[in-house]
Amino acid sequence: MILEIFGERAQTREGVLQVALAHLTYQRSRLVRSWTHLERQRGGAGFLGGPGERQIEADRRVLAGKIDRLKAQLEEVRRTRTLQRAKRSKAPQPVVALVGYTNAGKSTLFNRLTGAEVMSADLLFATLDPTMRKVDLPSGTRVILSDTVGFISDLPTTLVAAFRATLEEVLEADVILHVRDVAHEETDAQRADVLSVLGELGVHDEDGRRVIEVWNKADLLPSADRDVLSSTARTRADDARGTLEDPIPVLASALTGEGLDTLFAEIERLLTAEHRTRSVALPPGEGAALSWLHERTDVVSAETTDDGGVVVTVRLGAKESGQFQERFGYAFATAEEAHRGRKRA
Ligand SMILES: Nc1nc2c(ncn2[C@@H]2O[C@H](COP(=O)(O)OP(=O)(O)OP(=O)(O)O)[C@@H](O)[C@H]2O)c(=O)[nH]1
Ligand SMILES: [Mg+2]
């Protein structure tokens with residue numbers, strides 16, 4: 001049933017291929033089961049030769065061939081996408097990714113924040129492929145906002161891989177907006193599911209990404225509940241560390257627009273105040289870039305490389321990182337990547 005929903009709504013080539021692959025893998029698992037069943041009926045006499053078994057064996061080979069071809073196609077699509085992402089990651093803007101349980105209101109919020117018209121509807125998996133747009137925060141900071149596929153509980157194993165592929169954007173986000181339907185009776189269980197899927201995707205707190213929980217659909221809450229949540233959010237926002245486990249809560253409604261000013265302000269605060277340790281490899285003669293870094297960031301180390309360049313490690317916010325990249329054209333990376341880049345250059 002879930003596969004069928006996916007089949008109907010998949011829009012990109014990758015989405016379509018993934019659905020096809022999941023279907024075939026499922027069929028193959030059923031074949032194996034029916035084969036085992038036949039074996040058992042025949043008292044376990046394991047000789048091949050009955051017409052039924054030969055047929056199953058032939059089916060299995062056809063399926064295996066199809067699966068291999070699909071995998072190769074998927075690999076190709078992914079390679080292209082990785083290339084596209086590599087190009088895009090040169091875009092200097094910080095990335096803000098929306099994640100959350102299916103139907104929580106991610107696309108509605110995305111549309112409201114961007115003025116775009118991504119399909120939002122009261123159905124499961126309205127969104128299947130990530131969508132990205134540039135957005136200027138009221139303060140003028142430009143970010144890239146990414147809408148993503150909704151999570152569900154008990155995701156079939158075959159689909160975990162499909163989800164992972166479509167959610168790779170989340171791994172690169174500077175800020176994650178975890179959108180929750182707080183008017184849903186299972187909102188806490190949904191939150192737990194989302195956190196566990198994020199964990200499976202490799203999104204961990206140590207990476208320095210910052211997390212805001214958007215307590216969405218506030219307009220649906222009875223006013224007493226709403227008052228409680230509103231004051232909880234306000235008190236907690238000041239002390240929250242902004243991690244997955246201890247996110248910054250913002251009570252909002254994507255439908256009425258309530259709370260969105262606060263949301264913008266919190267995003268801005270995280271982008272400016274949160275500092276990550278990043279490195280950049282500069283070739284010889286980039287004195288201006290180097291002094292820019294000294295003036296505006298906290299320089300942790302600067303190591304000269306064999307070719308006379310320098311690998312600078314600094315602590316800085318996503319905003320400064322974007323400004324630097326825009327101005328000088330060099331991208332920040334992990335220290336290891338920066339050193340490797342210098343050697344190859
Ligand atoms: N009352 C109310 N309804 C909302 C709010 N936000 C979203 N909705 C409704 O919730 C439904 C789901 O919204 P979507 O934005 O499609 O949800 P989504 O998280 O993108 O869902 P998937 O793409 O399936 O993961 C739609 O009917 C929206 O109109 C809100 O703040 N208040
Ligand atoms: Mg959506």
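**Notebook: a walk through the fold**

I began with the inventory: the protein has 12 helices and 9 strands, where helices (H or I, at least four residues) and strands (E, at least two) are DSSP runs numbered from the N terminus. A reminder to myself: this is a predicted model, in which local features need pLDDT of at least 70 and side-chain atom pairs count only at pLDDT 80 or more, while totals for chains, interfaces and linings use all residues. Residues are numbered from 1 along each chain as its sequence is written, and chains are lettered from A and ligands numbered from 1 in the order in which they are written.

**Entry 1: overall burial and contacts**

I checked burial next and found that 30% of the 345 residues are buried. Here buried means 20 or more other C-beta atoms within 10 Å of the residue's own, exposed means 12 or fewer, and partly exposed lies in between, with C-beta atoms placed from the backbone. I then looked at contacts, meaning C-beta atoms, placed from the backbone, within 7 Å. Among those between residues at least 6 apart in sequence, 69% join residues at least 24 apart.

**Entry 2: strand 4**

Is strand 4 enclosed or open? I found 7 of its 7 residues buried, so strand 4 is largely enclosed by the rest of the structure. Val175, Leu177, Val179 and Asp181 point one way, and Ile176, His178 and Arg180 point the other.

Strand 4 runs parallel to strand 1, with 5 bridges between them, and Ala97 sits opposite Ile176. With strand 5 the pairing is again parallel, through 7 bridges, and Asp181 faces Asn216 there.

**Entry 3: helix 4 and the cores**

Helix 4 (residues 106–114) has Lys106, Ser107, Thr108, Leu109, Phe110 and Leu113 buried. I traced what its buried residues pack against: strand 1, strand 2 (131–136), strand 3 (142–147), strand 4 (175–181) and strand 5 (210–216). Just after the helix, Gly115 takes a positive phi of about 75°.

Which residues touch the most other members of the largest nonpolar core? They are Val96, Val175, Val214 and Val250, in a core of 44 residues; a core is a set of buried Ala, Val, Leu, Ile, Met, Phe, Trp, Tyr and Cys residues joined through C-beta atoms within 7 Å. Strand 1 (residues 95–100) gives this core its largest share, 5 residues. Another core lies apart from it, with 11 residues that include Val280, Val311, Val314 and Ala338.

**Entry 4: Leu260**

Leu260 belongs to helix 9 (residues 260–273). I noted it as partly exposed, because 18 other C-beta atoms lie within 10 Å. Beyond its neighbours within four places in sequence, Leu260 is in contact with Arg112 and Ala252.

I finished on an open sheet of 3 strands, ordered 7-9-8 with antiparallel pairing. Strand 7 (276–282) and strand 8 (298–304) are at the edges with a single partner strand each, so one side of each has no neighbour in the sheet. Strand 8 and strand 9 (residues 310–316) are joined by 6 bridges, and Ser301 has Thr313 as its bridge partner in strand 9.

Key: Contact = placed C-beta atoms within 7 Å. Pairing = 2+ DSSP bridges.
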